Amino acid sequence: MNNPLVVCALNDELKIESSKIDLLYTGVGKINAAISITKYLSKRTIPEYVINYGTAGSKKIEVGRIVDCTKFIQRDMDATGLGFKKYETPFDTKSPKIIDFSFFEKNPINLYLTCATGDSFINSEESHIGDVVDMEAYALAKVCFKYDIPFISFKFISDGADTDANIDWEKNINNGENLFKSVVLDPLALI
């Protein structure tokens, strides 16, 4: 059995050493995430499953909680001018608009939230879709969907996706690491 892969955007979010997992840092954003995980998967043995961990904003969940995300949408995809639905990737008949990994069995939290991913940091009072917003999870989920690898994302809510989001994110970026270890990695016997 292969080690699961834990994927995180930044070293500031998670520092961990364990012989039971492989750890990959991707950098920020959908393109960096997609390139990094695809490069990893093309050169290594396919992992048993992939866990994404990172920070996220939310207008629905209080700052300081860790949540699971099993559904993923690309919040900045808008080809409605071509007759497609918002968040739907044009001409991509093999991927659903919402990628759903709710069937993933190794989930110690079981909230089954939706993560809306986009290449913008939300720090305004504008409304947003999904339960949480981030900048990498959808890309990682889509690559795992294409490779047929089970995927789940755990997000530490670092900010309220509002006018103070940048201040709160910088203050909270590394506050979720111990919570992630105790709430997710310990129950999964990965550390």
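These legends walk you through several close-up views of the structure above.

The model is predicted, so keep in mind that local features need pLDDT of at least 70 and side-chain atom pairs count only at pLDDT 80 or more, while totals for chains, interfaces and linings use all residues. Residues are numbered from 1 along each chain as its sequence is written, and side-chain values use heavy atoms, with hydrogens and water left out.

**View 1. Helix α4 and what covers it.** Helix α4 spans residues 177-185, and its buried residues are Glu-177, Phe-180, Val-184 and Leu-185. Down the helix axis, these buried residues fall within an arc of 70°, so they line one face of α4. (That arc is taken from the directions from the helix axis to the C-beta atoms.) Buried here means under 20% relative accessible area, exposed means over 50%, and partly exposed is in between, with a 1.4 Å probe and protein chains only. Helices (H or I, at least four residues) and strands (E, at least two) are DSSP runs, numbered from the N terminus. Among the elements covering the buried residues of α4 are β3 (50-57), β4 (66-74) and β8 (151-159).

View 2. Glu-177 pairs up with Lys-181 in a salt bridge, and their closest N and O atoms are 3.3 Å apart. A salt bridge is a side-chain nitrogen of Lys or Arg within 4 Å of a carboxyl oxygen of Asp or Glu. Both residues sit in helix α4, four residues apart, which is about one turn of the helix. Glu-177 counts as buried because its relative accessibility is 13%.

**View 3. Strand β8 and its partners.** Take a look at β8: nine of its nine residues are buried. β3 pairs with β8 in the parallel sense, over eight bridges; two strands pair if DSSP finds at least two bridges between them. Gly-57 stands opposite Asp-159 in β8. β4 and β8 run antiparallel and are joined by four bridges. Here, Asp-68 has Phe-154 in β8 as its bridge partner.

**View 4. Thr-55 and its surroundings.** Thr-55 lies in strand β3, and it counts as buried because its relative accessibility is 9%. Its side chain makes a polar contact of 2.7 Å with the side chain of Glu-13, and another of 2.8 Å with the side chain of Trp-169. A polar contact is a pair of N or O atoms within 3.5 Å; within protein, one must be able to donate a hydrogen and the other to accept it, and residues adjacent in sequence count only if both atoms are side-chain atoms. Leaving aside neighbours within four places in sequence, the residues in contact with Thr-55 (heavy atoms within 4.5 Å) include Asp-134, Lys-155, Phe-156 and Ile-173.

View 5. The whole structure has nine salt bridges. In one of them, Lys-146 and Asp-92 meet at 3.8 Å, N to O. This pair links distant parts of the chain: Lys-146 is in helix α2 (residues 137-147) and Asp-92 is in the loop between β4 and β5 (99-100), 54 residues apart. Lys-146 is partly exposed, with a relative accessible area of 47%. Another salt bridge joins Glu-62 and Arg-65, with the closest N and O atoms 3.8 Å apart. Glu-62 is partly exposed at 46% relative accessibility, and Arg-65 is partly exposed at 32%.
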